[in-house]
Amino acid sequence: MAIMLPSVQQKNLILLAMLAFSSQVFSDAIEAEQPLQEVFQSELVYPQEQGELQFTFSPEYADGDEHQQWSFPVVIEYGLTDALQVELEWTALVYHDEEGEDTTTGVGDLSIGAMYSWMNIGGQPMHAAVALELGIPTGNEDQELGEGHFTVEPFVILAWDLPFRSDTQVFLNAGVELSDSEEEVFTNLGFFTPIGDAIFTTEWNWSEEERYLTPGLVWQPHEGWELGLGVPLGLNSEADDFRFIFKLSYER
């Protein structure tokens, strides 16, 4: 029985079909919807779209060698364009309990910032952003409620979606916090990936003073909503022993 081999034209048609299929798969991989809004101690590259508003409430408990602290930050993000967003963060309440000292309660610091993002650079699953944040010392430093000085924090964000798995991403933040008295370099390296109905996140948070490993889980119970829990674990003597960070985000 003779075996019929494909003709040159048939081979070309098969090759074109394979290229079209792989191109479509790759296109789907890089044009997939944003899988995650926020992580816990790092910034993601995704901006709010033009006219889009996001509210985030993230109560945090910190346990150190000689203190415990609850803080209650509120973050508002707004998209001026599809690439440029502005942000306001205010620690509305801080409860600080220092060993051997009186417990103090009051408002914390305020920060305002902006971020400009480039998504799918060159049609590839790679993204970048530049950001700038200004810290305003509205909290009382003497009562351990705030930094006690103005800060300027420029930083960059780089991110890469894994090939053919756009819901899994590796990201990097790098920048410096500048004040009138000192400058502190910081780096955050992390990734996220879906596990069942949740999204698993991990961050390595490094600064000249404090270092943490921050695993976390995020749930998306309904479109526009995110619930999350992160547990930063202190890796050096200057860091808190551990923290709990709860996140509730709503985007509209």
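## Charged side chains

E60 and R243 are joined by a salt bridge, with their closest N and O atoms 3.5 Å apart; the term stands for a side-chain nitrogen of Lys or Arg within 4 Å of a carboxyl oxygen of Asp or Glu. Because E60 lies in strand β2 (residues 60-63) and R243 in strand β15 (residues 242-251), the pair ties together parts that are 183 residues apart in sequence. This is a predicted model, in which local features need pLDDT of at least 70 and side-chain atom pairs count only at pLDDT 80 or more, while totals for chains, interfaces and linings use all residues. Residues are numbered from 1 along each chain as its sequence is written, and side-chain values use heavy atoms, with hydrogens and water left out.

A search of the whole structure finds 4 salt bridges, including these:

| Pair | Closest N to O |
|---|---|
| E60 and R243 | 3.5 Å |
| E210 and R243 | 3.6 Å |

E60, E210, D240 and R243 are linked in a network of salt bridges. With buried meaning under 20% relative accessible area, exposed over 50% and partly exposed in between (1.4 Å probe, protein chains only), E60 is buried at 17% and R243 is buried at 13%, whereas E210 is partly exposed at 26%. In the other tabulated pair, D167 is partly exposed at 26% and R165 is partly exposed at 38%.

Key. Helix = DSSP H or I, 4+ residues; strand = E, 2+ residues; numbered from the N terminus.
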